[in-house]
Structure formats: C-alpha cells, structure tokens
Amino acid sequence: MLPVGALRHARAWVHVVRYWTAGGQTNITNLVRLLVRQYCGGTGPKPQPPVELPPRFLCDPEGSRVYRSLTAWTADFPCADGLPVIAVLHYSGLHREASLAGVRALSRCLAGRAHVLPIAANGVENLEALSAYLRGRAAPRVSAVVSLVWFRLDGGPMGGSTDKTVRLLAALDVPYCCAVTLYGREIAAWEESAEGVSPVEAFAAVVLPELDGALLPVPIFGVVRKEQDGFQTTAAAAIPDRAAALADRVLAWTRLRRIPRRDKKIALVIYDYPPGPAHAGNASYLDTARSLQAILRRLGESGYTTDAP
C-alpha cells in the first residue's frame, strides 16, 4: 500500500530524522534527495536507505573505515613499536563529520611520534565507549586521552555520575585532555573576536570538562563557509597551528610521566593581593606558611626533591 496524506508525511519525517541523526555526507545527500522528490517535484536520483553506525565504534585516523572490535582495529594498526598511544574521543552520529576534522588534524600532527586510537561515541555514553576499548585484555596501553566532545564525560548534556568518571580515569591513570571544538563558530569570526570562544563554548568545552579534570583547552577546529554549485555550505576545518600546539603539549604530558619525580619541577603559587610583601600568602583564617610546609613535606616523602623548612 502506498503511503498517502498524513501517513506519507509521517513516513518522510521518520526517514528525515534517521538521515539527520546518523549524519555524514551520504546521509545528508539522501535526505535532500528525499525532500526534493517528495515535496519539490524533483525527479533526481532515488534516495538510498540511511547508513546508520552503532553508538560506539573505532575508525582509522582519517575516519574512512569503521571497526566494530578492537581486535580488527589493532590488526590494521599495530602499536607494538614503543610509540605512545593517544586515544581520541569524538562523536558518532550527527556531529561525526565535524569532529573528524579534529581527529584528522591531531593524527597528522602526531604522525611518526604517536599512534592515534580514534574512539567514536554518541556524546552521552562516552564512559562506556572508553571502557569498552581501553579496559579490555586486548586494549593497548594508552598514554593519554584527548576528547573532542562537549560537556562532561558521563551523560553528556544531561549529566551523569561523577563517581563513574573518577573510577574510569583513575583506572586509566593517564592525562585527560579536552580540546576546544568550535562546532558552530566560523574560524574567521573566532580569529576576529576579542573574547575568543563564546560563553556557550567556554561552558560546554572548557568549564564542564575541567570539572572532570580535563587539561589543555586549546581550540583545534571550527567552521568555514564555502560556495558550491550556487549554494552556501559550511564545513568543519582544522586550525593547523593550534592543533599542532595541542599535539605537542599532549606528548609533553606523556613524557613528563616518564621523568623521575626527583627531577621534576613544580611551582607553588600563593595569593598576593593587594600586591606587596605584607600581603604575600595572605588568606583569611588560613595559615599559608604551614600549609606550604605540609605540602613540601608530603612532596619530599613522595620522592620529589625539596628543601622544606
């Protein structure tokens, strides 16, 4: 039976939602073909069924091949040469094409210096994806995790369990970094802006990830406008110098873990306001000097070189 009337519109709506949610160039192309044929009188190519991927999966560093198991991925990308392995968490589904701009940029900047393990998640079940691919027996030993996903690790915009996040990050015991990803901001506007990222971007890509302990909020990609066949289009593009800076800093954190504690240098910053010797270390109802002594003593007991008074 051919769908007519409201049933026809409902069926079209279901397909539109599936195309849009799955994301990607192929799905969006078929979405447009569906709308043109059903509502604009077009006679172009018939739309193909949506190409839907699982909520979590692995891919190659360019994002062209999808792997549903870690075994299949490591068969194509062995990591036994001693180079660090950097896991890059990015979006599956709707925002996948945009987040792949960041995956590709980091992969190219890290080429020859580290292996990149791209992990795709739906933005809500991020912990489940990281645990599935980084905690199993076949999982490579990662040296750092870089996220290209907004909000906190567990639950995405809805929020989740901080305890689950703490347990996973403690088990991995590696630096966790979250790049600033400008999913809706044009790079040109960002470059011209005095404030840099917008309040929404700062909240979703800096503040909330930092509550999970994230480091290095460096913008690595944004949006560029293009004209194609008379249409204005937007696409995500890397910010090359920032992606290179983030890659260098992530590697620096991995190297820092291999330096003996006795050779590391740590700076302790104390309050000094209003400026002047009389206010150095000033704090209401706190003994800054004794607190510093306690911290230095604990550092010395943990293997750091200190001269605690």
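**Exercise 1.** Which helix gives the most to the lining of the second largest pocket, and with how many residues?

**Solution.** The model is a predicted one, in which local features need pLDDT of at least 70 and side-chain atom pairs count only at pLDDT 80 or more, while totals for chains, interfaces and linings use all residues. Residues are numbered from 1 along each chain as its sequence is written, and side-chain values use heavy atoms, with hydrogens and water left out. The answer is helix H1 (residues 5-22), with three residues in the lining of the second largest pocket; helices are DSSP runs of H or I with at least four residues, and strands are runs of E with at least two, numbered from the N terminus. The second largest pocket has a volume of about 370 Å³, and among its 20 lining residues Thr21, Ser92, Gly93, Leu94 and Asn122 are the closest to its centre.

**Exercise 2.** Work out how Tyr67 and Phe77 are paired, and what the pair ties together.

**Solution.** Rings of Phe, Tyr and Trp (its six-membered ring) pair if their centres lie within 6.5 Å, and planes under 30 degrees apart count as stacked, over 60 as edge-to-face and the rest as tilted. By this rule there are six aromatic pairs. Tyr67 and Phe77 lie 6.1 Å apart, centre to centre, with 80 degrees between the planes, and are edge-to-face. Tyr67 belongs to strand E2 (residues 66-67) and Phe77 to the loop between helix H3 (70-76) and strand E3 (85-91), so the pair ties together parts that are ten residues apart in sequence.

Technical notes. On a 1 Å grid over the protein atoms alone, a cavity is a set of points where a 1.4 Å probe fits but cannot get out, and a pocket is an open set with protein on both sides within 12 Å along at least five of seven lines; lining residues have an atom within 4 Å of a point. Grid points are joined across faces, edges and corners, and a volume is the space filled by probe spheres set on the points.
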